[in-house]
Amino acid sequence: MEALAKIVAKAAEAAVDPADAKNTAAAGSAGYAYGLATLGPGLGIGFLVGKSVEAMARQPEAAGMVRTTMFLGIAFTEALALIGFVVFILLKFA
Amino acid sequence: MIALEFPPINAILRWKELFGSFNKISLIAIAAMLIGMTIFLLASKQDHRTAPRGVRNLAESTVDFIENGVVMQTMGRDGLGWTPFLLSLFLFIYLCNVPGIIPFLQMPATARMALPAALALMVWFVYNGAGIKHQGFGGYMKSVLFPPGVPKALYILITPIEFISAIIVRPFSLAVRLFANMLAGHILLVTFALLSEALFQAKDKILIPFGILPFFMLVFLTGFEVLVAFLQAYIFVILTAVYIGGAVHPEH
């Protein structure tokens, strides 16, 4: 985290105007915000889908039910990554 | 080397107003509504005793999809009365998502926050209303805030968490999920389209053949967006069904 703060601070130092510095720092941290937000949901969705495929292979007659539950789980897990994406958009453009 | 500049966010998400504050997104939303209505009105004109064909076939397969793929999986038989609501929700969201990949339209109407937020607010009123109607206000609040089978002392912790997750976070995440997915897809398509355009028109002649790479990516992502448009409409509807099912028939 310290390295991250250093990079952002260095980017902000390069710009002279305070408003410009704020924009630069926001643009610099936007990428990190999204990058960090993908880590957990990426692992989570991978694990979730893997387990669902395993369940479907073991019991093909329950595939429909497993698929519905899988999509529900994906929807909840993915929400975190998407909030990260919204933060990215807000930092970058707003 | 190449003149590549990402346009301001308003240039890719907002067009010039046609009249008043009526823009392309309102146009797409209204078209989605009219197309959905037309399909079902035309289908209802056909003789229901003969085998379905044409438009009616399409309409019946969507009804079948909602009944067997959404309602039966989440609410069971006694939730079938909710089919019309969920079906119109699904069709509207799907028809708003699909213009994201139709050439010359290239804008999902749900990539602006207004539409998902309004839909999520409507779903919030519907599932809370359904819960209050079936269990009474006190009963509904009790089943939401005080889930049974929890030690008494834990309610200090559980009740605020349940209140936040069931009343506040649900509509928010419902809206943000649809909005952010469609916006992310749209921005991805814009990025690759810009990149391939910049490479195709590069001053260095040697760069021009490389333009084919982002172009292939663009084609591939357009195919992927076909899937996303359907999946997001499906997820929105299935979550709505789960929320309504949970409000009407609480766990005991």
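Mentor: Let us start with a term: a residue is buried if 20 or more other C-beta atoms lie within 10 Å of its own, exposed if 12 or fewer, and partly exposed in between, with C-beta atoms placed from the backbone. By that count, 9% of the 94 residues of chain A are buried. This is a predicted model, where local features need pLDDT of at least 70 and side-chain atom pairs count only at pLDDT 80 or more, while totals for chains, interfaces and linings use all residues. Residues are numbered from 1 along each chain as its sequence is written, and chains are lettered from A in the order in which they are written.

Trainee: How many helices and strands does chain A have?
Mentor: Chain A has 3 helices and 0 strands, taken as DSSP runs (helices H or I, at least four residues; strands E, at least two) numbered from the N terminus.

Trainee: And what does its C-alpha trace span?
Mentor: Along its principal axes the trace of chain A spans about 65 × 25 × 10 Å.

Trainee: Which residues does B:Ala241 touch?
Mentor: Leaving out residues up to four places away in sequence, B:Ala241 touches B:Val70, B:Val71, B:Thr74, B:Met75, B:Trp82 and B:Leu86.

Notes. Two residues are in contact if their C-beta atoms, placed from the backbone, lie within 7 Å.
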